[in-house]
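Thanks for coming. I have one structure to go through today, so let me put it on the screen.

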Amino acid sequence: METVDIGLWGVPLAILGGAIRVSTPFIFVSLGECLTERSGRINLGLEGTLVFGAMSGYAVAYETNSAFFGVLAAAFAGLLFGLVHGWICKFKGVNDIAIGIAMMLLGMGLAFFFGKPYVQPVAPDLPAISFGWWSSIPQVQAALQVNVLFLLGGLLAVFMTWMFRATRVGLIVRVVGDSTDAARAMGLDPDLVRLLATGVGGALAGIGGAYLSLYYPGSWNEGISSGQGLMAIALVIFARWSPANCFWAALLFGGAGALGPALQSVGVTQGYYLFFAAPYVLTLALLILTSSTERSMQGAPLELSLTK
Amino acid sequence: MSGAGAISVEALHMTMRFGDFTALDDVSIDIPAGSFHALLGENGAGKSTLVKCIMGFYRATSGELMVNSSQVKMTDPRVAQQLGLGMVYQHFTLVPSLTAAENLVISRADAPAVINWRAEHRRLTEFMAQMPFKVPLDQPVSRLAAGEKQKLEILKQLYLGNRFLILDEPTSVLTPAEADEVLGHVRGLTEAGQITVLMISHKFREVTAFADAVTILRRGRRVGGGKVGEISVEEMSETMMGKAPETSERRRAATRQHPVLALKALRAKDRSGLKSIEIENITLKSGEILGVAGISGNGQMELMEILTGQRHVSAGEITVKGDAFRATRAEARRHKIRYLPEEPLHNACAPRMSVAENLAFRIFDADKGGRPSFWQDRRAMAKNASDLIETFKVKTSSPAARIASLSGGNVQRAVLGRELTGDVDVLIVSNPCFGLDFAAVNSVRDRIMAARNKGTAVLLISEDLDEIMELADRIIVMSEGRVSFETPIAAANIVEIGQHMAGHG
Ligand SMILES: Nc1ncnc2c1ncn2[C@@H]1O[C@H](COP(=O)(O)OP(=O)(O)OP(=O)(O)O)[C@@H](O)[C@H]1O
Ligand SMILES: [Mg+2]
C-alpha cells in the first residue's frame, strides 16, 4: 500500500482511527466498573485484572492457537479476580478500596510471574473488520479497521443501558447500589448481588486485557498497560455511571490520546510529549466543568464508599 | 401474594436481646383480622423492635408467631411477604434514585425478568385509579415530598397485595391534614375487611380517632392495652410513662430584646436547583422565639441549610450582632450559635461514632478556657457524655454505643442536649419534636422556652403549627421560598396563617 498525501485531513482521520483502536480496553474496563459501582461497590483492582487478563489471554491464545479461546480465558480469569474481591468485601470492617489496591498489585504480580515465558512467542491476533473497503485511500482503510471487540463493547453499552432500565436484574443492581436497607427490606441479599456484579465486572476487565495483548499493541510484555485500568475507573465517574456515557467517554479519551501521533504525522513536532497528556488534561477539565458545588453528584450510587 | 381479605396476626412471648441489652421482654400481642391496632410507648420502649421481629427483619431471641391462627417461622422479610405481611418502616425504604413506578415493580416478588414498561404503566395506572390517593409515577422518589413518599410506601404495600400492614410512625413527617387524609383511607380499608393494620404512633389524637385497640409497651414490656374508648387518654399516657404525666406550665418571662441575627436580601437555589429562595428581611431578637411556619417543601429546609452553611448563598448577607456571618465553626463558636437540624442523625451526627463522641462535638477541640487544644481530654468527654445522658434522659445501652443504634427519639434528645449546654446566644431549630413521645415533646419545648427566657434568640422552624402557636413570640410564614406573612403572637390567627401557608393570603 502506498500512502497518499491527504494533507490536514490526516489529523481527524488519525484521531478517529486512534480512538477506535485505543478505546476498546477503556470501554470494557469502564463498563465492568460501571456495573460493579452501580451495585454500590468500588473495584480498584481492575488494573491488575486487566494486566492478568492480557497475560492469560495471550498465553491461552498461544497454546491453543486461537485468539477466541484467549479472550474466553481472560474473561474467566477476570471473573475469578472479581469474585475474590467481592467475597473478601462481604466481611465486616473490610474496605473495598483497600482490597482493590491489594488486588491490583496481586494481579500485576501474578501476571508478571506467569507471563515470563510468553514474552517471546507470537500468539494469533484477534480478527478485525474492514469498514474502509469503499475507499482507495490507505489511511482511510487503516483508520476504519475495526476490531470485533470494539463492536461488542458498543453493543454491550447499549445492552447495559437497556438492562438498567428494563430488566429485573438491572433494577436489582440499582436498588442494592442505592440503598442496602431498602434491598434488605425487599428480601434481597446485597452481598450476593455485589459479589456477582463484581465478578462480571472483573470478567469484562479481563476481556479488555485480552484486547491489549491480542490486538493493540498486540503482544505481551510487562509494560502492556500504562494505567488504562485505573483511568477507566475514573472515566466511570466522569460518565456519571451511565453505560452509554462510559462508551463515549472511552472514545473521547482514546481520541485525545491519538492527538499527539496524529499531529506528528502532519509534521507538528513541537510539544509532542505535551500531547501525551492531552487525554488526562481533557478529562480533568471536563470533570471540573461538569461538576457543581451546589448539587451533589448526579447519578452516583448512594451506597458507594466514594460518595458516602 | 396471598388471597383476598384481611389476615390476623398474633405474637406470643416475644423476647429480643441485643448483646446484654433486652429490648423486648416476653411481649404478646393479638391483632384480629380487619382491626386497626395501635402500639404505644415512649422513645426506646421497643416498638420498632417488636414489629421488626414480626416481620423477620430481626430474628427474635425467643417467641412464637401465628398468622391466621397457624404458627409460622419468620426467618426473613421474604417469608413475611409471602404470607401477606408488609411494613412501612420509620425511615423510608424507597430507593431514592428509582422512579415511583420502578420502585413498585421491583418490589414485587414476581417482577418479570424483562419489564415491558408500557404494559406495566397501564397496569399501574389502573391500580392507582382504584386507590384513595395518588402519587406521580415517573418522578425519581428523591424528588417527592415527605407526604408523597409516605403515601407511596403505603401504596406499595397495597400494590404488593399485602393484607396485614405495619405502619411505624407513618405520620411523623406529615402535616395533620395529610395525616388525617392518609389514615382515614387506611381506616376505610380496614373497615371494608381488606386489610389489618398495626400502627405505631405517639399521637393520642390519631390513636383515638382511627384505632380499635391499643397495646402499650414500656421498657420492652407489655404494660397495658385494651379497646379504644374503654381506656382513656390519661390512662394510656400514665401506663406509657409509668406515672401521671406532668403538665408543665411554660411561662414566658419578660426579656430584653435587641436584634441579634439579621438576614438581608438573601438569594439561593432551592433543593431541586430549579426554583430560588428569596428572603428579603428576617431579624431575630434576643429573648424571643421567632416561629417559621409553612408547609414542608416551601424553603424552610433551605433556610436551615443557609444558616448552617450547608447551602451556597448567591446574594445578600447574614449578620450576627453586626458582623458578617458565614456559618463557619469559628464564627458559630464566637457568636455562640447552636443548631438542631431536621433528621439530626444525618445532619448533626457522625452515625458510626459513639454517643459520647457525638456529644463532644462542641467541646472536643477546646480546653477548659475555650482555647484550641491539641490533645483530647477523654475524661472531660466522658463526664460531658454522662452528664448529658443523665439530664436529657437519653436511653442508650452505654455511652460507647454507636449513636446510630439509638431509637429515633433518643438521637433527637442527645443532639438537643449537646446544643443547649453552655451559653447559647442564638438557637436555630428545625422540627425539634418530630418522632418524639409526648413527654419528650414537653421537655424539649420546656427547654426551648427556658433558653428564650434566659435571653437566647430562638429561630424555630416547624411544620407543626400548634407547636409554633404555643412557643413563638412572633410568627413568619414561608411560602414558595419567600416570607409571605408576619404577625406577633398576640394578633395571630390560625385561619389567616393557614391561608398564607397554602399560598393564598
Ligand atoms: N440494632 C440494635 N442494636 C442495639 N440496640 C438496639 C438496636 N436496635 C434497637 N436497639 C435498642 O433497643 C431499644 C428499643 O429500640 P426501638 O427502636 O424498638 O424503640 P422505639 O420504641 O421504636 O422508639 P422510638 O419511638 O424512638 O422510635 C432502644 O434502647 C435501642 O437503643
Ligand atoms: Mg421506633
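I will start with conventions, then take the interface, then a few single residues.

This is a predicted model, in which local features need pLDDT of at least 70, side-chain atom pairs count only at pLDDT 80 or more, and totals for chains, interfaces and linings use all residues. Residues are numbered from 1 along each chain as its sequence is written, chains are lettered from A and ligands numbered from 1 in the order in which they are written, and side-chain values use heavy atoms, with hydrogens and water left out.

First, the interface. The size of an interface is often given as the accessible area lost when the parts come together. Between chain B and chain A, about 1900 Å² is buried, and carbon and sulfur atoms give 60% of that. Buried area here is the accessible area (1.4 Å probe) that two parts lose on being put together, summed over both. B:Arg78, B:Val95 and B:Ile106 supply 23% of what chain B buries against chain A, more than any other three residues. Chain B puts 21 residues into the contact and chain A puts in 20, where contact means heavy atoms within 4.5 Å.

On the polar side, there are 6 residue pairs in polar contact across the interface, both residues at pLDDT 80 or more. A polar contact is a pair of N or O atoms within 3.5 Å; within protein, one must be able to donate a hydrogen and the other to accept it, and residues adjacent in sequence count only if both atoms are side-chain atoms. The two chains share 1 salt bridge, that is, a side-chain nitrogen of Lys or Arg within 4 Å of a carboxyl oxygen of Asp or Glu. B:Glu102 forms a salt bridge with A:Arg174, with the closest N and O atoms 3.2 Å apart.

Now two residues of chain B. Is B:Ser286 buried or exposed? B:Ser286 counts as buried because its relative accessible area is 5%; the cut-offs are under 20% for buried, over 50% for exposed, and partly exposed in between (1.4 Å probe, protein chains only). Among the residues that B:Ser286 touches, leaving out those up to four places away in sequence, are B:Arg256, B:His258 and B:Thr456.

B:Arg378, by contrast, is exposed, because its relative accessibility is 51%. Its side chain makes a polar contact with the side chain of B:Gln376, at 3.0 Å. B:Arg378 and B:Ala360 are 18 residues apart in sequence and 9.9 Å apart in space, C-alpha to C-alpha.
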